[in-house]
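Please consider how the features of a protein model may be read. The dialogue below takes them in turn.

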Amino acid sequence: LLCLDDRRLPRHPTQPTMTDQQALHQQEFQRIIKRYKLDTPEKSEEISTMLTSGTVTAPAFAEKFGTKVEEAVVFLEWIQIGIKFKEETLDNAKKTGFKR
């Protein structure tokens, strides 16, 4: 149920809100990191190098890090979401005159 102005509105359980989808995506991203131990300094460096060296495909990521291709898609999509958020945040900050 969603609560809006102290009223409870039913929500269809098979239609998650965008926030729910993002939370599920983030949870899956974290699960993949833990399952494949992608949070070690060595793996982090390898991922960083791979991401900054050109186009990365899910099959190539899966092969290199031992994930399933579907998991690689989830992982890489979440990285893209983070990059897009960072770019939008920086653009908005520049528009308002914010300087570091």
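**Reading the model**

A: Helix α4 gives the most to the lining of the largest pocket, with four residues; helices (H or I, at least four residues) are DSSP runs numbered from the N terminus. This is a predicted model, in which local features need pLDDT of at least 70, side-chain atom pairs count only at pLDDT 80 or more, and totals for chains, interfaces and linings use all residues. Residues are numbered from 1 along each chain as its sequence is written, and side-chain values use heavy atoms, with hydrogens and water left out.

Q: Which residues line the largest pocket?

A: Rolling a probe the size of a water molecule over the atoms shows where empty space is left. On a 1 Å grid over the protein atoms alone, a pocket is an open set of points where a 1.4 Å probe fits, with protein on both sides within 12 Å along at least five of seven lines, and lining residues have an atom within 4 Å of a point. Here the lining consists of Leu 51, Gly 54, Thr 55, Val 56, Leu 76, Ile 79, Gln 80 and Ile 83.

Q: How is confidence in the protein read, and what is its mean pLDDT?

A: Where pLDDT is low, the predicted coordinates should not be read in detail. The pLDDT is the predictor's confidence in each residue, from 0 to 100. The protein has a mean of 83, and 80% of its residues reach 70 or more. Over residues 1–9 the pLDDT is below 50.

Q: At what angle do helices α3 and α4 cross?

A: Axes are lines fitted to C-alpha atoms, for helices over the stretch in contact, and angles run from 0 to 180 degrees between N-to-C directions. The axes of α3 (residues 58–65) and α4 (residues 69–95) come within 8 Å and cross at roughly 110°. That makes α3 roughly perpendicular (65 to 115 degrees) to α4.

Conventions. Helices (H or I, at least four residues) and strands (E, at least two) are DSSP runs, numbered from the N terminus. Angles under 35 degrees count as roughly parallel, over 145 as roughly antiparallel, 65 to 115 as roughly perpendicular and the rest as oblique. Contact means heavy atoms within 4.5 Å.
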